[in-house]
Amino acid sequence: MKNNFIKKIDKAIISQIIEGDSSTYDEILKEEGFDIKEIETYALKNFRKHSFLLKAHINKQRDTDLLEKASALLQNAISKNIDKPISYLKSLIANNQFQVQYRNLDSLGIDEIKEIIKDQNLLELLEQLENDQK
């Protein structure tokens with residue numbers, strides 16, 4: 001019986017792909033005694049879960065990219081001795097726990113800059129840095 005059911009599902013999937021008709025799945029599942037509403041609820045719940053996880057992953061990747069870009073811009077500003085980004089970074093250092101740890105900006109590495117700016121609004125920071133470079 002199980003193999004017969006799987007064959008029907010396979011046939012329905014192929015049929016659906018060819019014809020674009022998903023109601024065939026429902027009919028087969030009803031014939032086999034499954035509760036369509038329960039399956040739809042389960043599928044919707046899983047879809048929402050995976051959609052949420054995908055959005056979280058995309059947001060995390062975007063934040064990582066923004067952090068990389070902002071850190072590189074600040075490091076570039078330090079090496080070129082551009083006043084506004086340097087004073088912004090100094091104000092961040094002065095306003096948080098890094099005050100003692102990072103006294104010499106010239107010796108800051110990219111990871112240290114990331115640590116300093118990681119809790120900031122990176123979009124706003126990037127906009128400010130890009131405007132300062134114009």
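Which residues of H3 are buried?

**Figure 1. The helix H3 and its buried residues in a predicted model.** In this predicted model, the buried residues of H3 are Ile36, Leu66, Leu67, Ala70, Ser71, Leu73, Leu74, Ala77 and Ile78. Helix H3 covers residues 36–80, which makes 45 residues, and from its first C-alpha to its last it reaches 65 Å, close to the 66 Å expected at 1.5 Å a residue. At the start of H3, the backbone nitrogen of Lys37 has a side-chain oxygen of Asp35 within 3.1 Å. The protein chain as a whole has 6 helices and 0 strands, and buried residues make up 25% of its 134 residues.

**Figure 2. Asn81, in the loop between H3 and H4.** Asn81 follows H3, and its phi is positive, about 55 degrees, although Asn81 is not a glycine. Most residues other than glycine have a negative phi. Asn81 counts as exposed because its relative accessible area is 56%, and exposed means over 50%.

**Figure 3. The largest nonpolar core, with 20 residues.** Within this core, the residues that touch the most other members are Leu89, Ile117 and Leu125. At least two residues of the core are supplied by each of H3, helix H4 (83–94), H5 and helix H6 (122–133), and the largest share, 6 residues, comes from H3. Leaving aside neighbours within four places in sequence, Ile117 is in contact with Leu67, Ala70, Ser71, Leu74, Leu89, Leu92, Leu122 and Leu125. A second, separate core has 5 residues, among them Phe5, Ala12, Ile28 and Ile36.

**Figure 4. Lys114 and its salt bridge with Asp111.** Lys114 lies in helix H5, which covers residues 110–117, and the closest N and O atoms of its salt bridge with Asp111 are 3.8 Å apart. Because Asp111 and Lys114 are 3 residues apart in helix H5, they are separated by about one helical turn. An α-helix has 3.6 residues a turn, so residues three or four places apart point the same way. Not counting residues up to four places away in sequence, Lys114 touches Leu67, Glu68 and Ser71.

**Figure 5. The salt bridge between Lys8 and Glu31.** The side chains of Lys8 and Glu31 meet with a distance of 3.9 Å, N to O. Lys8 lies in helix H1 (residues 2–19) and Glu31 in helix H2 (residues 23–31), so this pair ties together parts that are 23 residues apart in sequence. Lys8 is partly exposed, with a relative accessible area of 29%, while Glu31 counts as exposed at 57%. Salt bridges that share partners join Lys8, Glu31 and Glu32 into one network.

**Figure 6. The salt bridge between Glu130 and Lys69.** The side chains of Glu130 and Lys69 meet at 3.2 Å, N to O, and the pair links distant parts of the chain, with Glu130 in helix H6 and Lys69 in helix H3, 61 residues apart. Glu130 is partly exposed, with a relative accessible area of 33%, and Lys69 also counts as partly exposed, at 44% relative accessibility. The count of salt bridges comes to 7.

How values were computed. Residues are numbered from 1 along each chain as its sequence is written. This is a predicted model: local features need pLDDT of at least 70, side-chain atom pairs count only at pLDDT 80 or more; totals for chains, interfaces and linings use all residues. Side-chain values use heavy atoms; hydrogens and water are left out. Helices (H or I, at least four residues) and strands (E, at least two) are DSSP runs, numbered from the N terminus. Buried means under 20% relative accessible area, exposed over 50%, partly exposed in between (1.4 Å probe, protein chains only). The expected span of a helix is 1.5 Å times one less than its number of residues. A polar contact is a pair of N or O atoms within 3.5 Å; within protein, one must be able to donate a hydrogen and the other to accept it, and residues adjacent in sequence count only if both atoms are side-chain atoms. Contact means heavy atoms within 4.5 Å. A nonpolar core is a set of buried Ala, Val, Leu, Ile, Met, Phe, Trp, Tyr and Cys residues joined through side-chain atoms within 4.5 Å. A salt bridge is a side-chain nitrogen of Lys or Arg within 4 Å of a carboxyl oxygen of Asp or Glu.
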